[in-house]
Amino acid sequence: MIVGLIVNPVAGLGGAVALKGSDGPDIQARALALGAVPRAAERAAAALRALRARRPDVLVRTVAGAMGEDSARAAGVPYRLAHRPAATSGGTAGSGATSTGAADTRAAPTGPADTRAAVAALGEVDLLLFAGGDGTARDVLDASPRPPVLGIPAGVKVYSGCFALSPAAAGATVAGFDGRTVDAEVVDLDEEGHRAGLVGARLYGTLRVPAARERLSGRKTGSSAAPPGSAESIARAVVADMRPGTAYALGPGATTLAVGRALGLALTPLGVDVVRDGALLAPDVTEQRLHAIAMSQVTHGVLSVIGGQGFVIGRGNQQFSPRVLAALAGVVVLATQQKLAALGGRPLLVDSGDPRADAAFEGHVRVVTGHRESVLYRISSASEELS
């Protein structure tokens, strides 16, 4: 089995440091200056390990340096180089500053053209894996790939339907690929508008992916179908249960914004805000700031469910890192009954990047669905083996 691999090494950089995306060299540089740690290569390696465990005969064809070779080496899989990125100026979410694997060009930056060129160079593989977010998916789409593709989720926002649930799910999906495919949508947000709180995903096209619905994240859907007042009803329930002297970290989402309105506060539309005793304690916090708060006082997380996907942790709220989750006194999950029903019985999902942290959520969680209304709903690690 021959599998192609392309990694966007800067995917997801802006998440934990509250930048709400990683597009563009300026944002990437700012994220690194704020202490962001690249994770895409690590997630790509995790996918390859899961793949090789099931298909020891796999051969990876990839791109030199940080665009794939480093991940293949870390995973211990046999690989061959099919492309070496040329030095270019600029860079977007599709491919940012990376290394090429050659001593004389290891620090050369790459751009979207390198991603597209890598897709072309990997045209003869059985299936093409790419690690990144929605911007990376757009670059892959622009290159019109010949083989089917599958995304390894590594971005801040992963709203497109062409991604596996997790790196482990990506590896398992590739290992079981039987040639059947379906079309999956590629969507993306304008990150400048995204940072300003203007949410609106645009459909860019479709990519052929393995027909393995149970291991695909699916496209994010909005909350427009919810009856008027649903979010406000949930917000009243949350506010009524808030305890004096306790901090609450409100994650992104329309429902948590309603909690802010119920408190008379204007929250950050796509950020994480911490409130205590009805007042704003810390707006738009980074992972580092949230961890410091959780370590210094009793803090609960308040998180909403991503419509259509079911993710509670790991999509757009990377501030809730494994160490933050361990420091929290508890987590409150919010969702309308309509959003839960739309999941069709599929579990809520956690993908923090640490299997041990994710496993701690396994079982059932109480989901607040309205004022004096809640249900127990199954929650699972996104890396859990699905039948």
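This is a predicted model: local features need pLDDT of at least 70, side-chain atom pairs count only at pLDDT 80 or more; totals for chains, interfaces and linings use all residues.
## Lining of the second largest cavity

Leu250, Gly251, Pro252, Gly253, Thr256, Leu257, Leu267, Thr268, Pro269, Gly271 and Asp273 form the lining of the second largest cavity. By class, the lining has five nonpolar residues, five polar residues and one charged residue.

The volume of this second largest cavity is about 30 Å³. Across the whole structure, the search gives two cavities of 30 Å³ or more.

## Helices α8 and α9

Helix α8 covers residues 230-241 and helix α9 covers residues 254-263; the two pack with their axes 8 Å apart, at an angle of about 60 degrees. The crossing of α8 past α9 is right-handed.

On the α8 side, the contact is made by Ala231, Glu232, Ile234, Ala235, Val238 and Val239, which meet Thr255, Ala258, Val259, Arg261, Ala262 and Leu263 of α9. Nine residues of this contact are nonpolar, one is polar and two are charged.

## Helices α2 and α6

Residues 40-54 make up helix α2, and residues 167-175 make up helix α6. Their axes lie 7 Å apart and the packing angle is about 35 degrees. Here too a right-handed crossing is found, between α2 and α6.

From α2, the residues in contact are Arg43, Ala46, Ala47, Ala50, Leu51 and Arg54. They meet Pro167, Ala168, Ala170, Gly171, Ala172, Val174 and Ala175 in α6. The contact of α2 with α6 divides into ten nonpolar residues, one polar residue and two charged residues.

## Helices α4 and α5

Which residues make up α4 and α5, and at what angle do their axes cross? Helix α4 runs over residues 112-121 and helix α5 over residues 134-142; their axes come within 8 Å and cross at roughly 55 degrees. That angle makes α4 oblique to α5. The handedness of the α4 and α5 crossing is right-handed.

In the contact of α4 with α5, three residues are nonpolar, one is polar and three are charged.

Terms used:
Residues are numbered from 1 along each chain as its sequence is written. Side-chain values use heavy atoms; hydrogens and water are left out. On a 1 Å grid over the protein atoms alone, a cavity is a set of points where a 1.4 Å probe fits but cannot get out, and a pocket is an open set with protein on both sides within 12 Å along at least five of seven lines; lining residues have an atom within 4 Å of a point. Grid points are joined across faces, edges and corners, and a volume is the space filled by probe spheres set on the points. Ala, Val, Leu, Ile, Met, Phe, Trp, Tyr, Cys and Pro count as nonpolar, Asp, Glu, Lys and Arg as charged, and the others, Gly among them, as polar. Axes are lines fitted to C-alpha atoms, for helices over the stretch in contact, and angles run from 0 to 180 degrees between N-to-C directions. Helices (H or I, at least four residues) and strands (E, at least two) are DSSP runs, numbered from the N terminus. Angles under 35 degrees count as roughly parallel, over 145 as roughly antiparallel, 65 to 115 as roughly perpendicular and the rest as oblique. A crossing is left-handed if the near helix is turned anticlockwise from the far one by less than a right angle, and right-handed if clockwise. Contact means heavy atoms within 4.5 Å.
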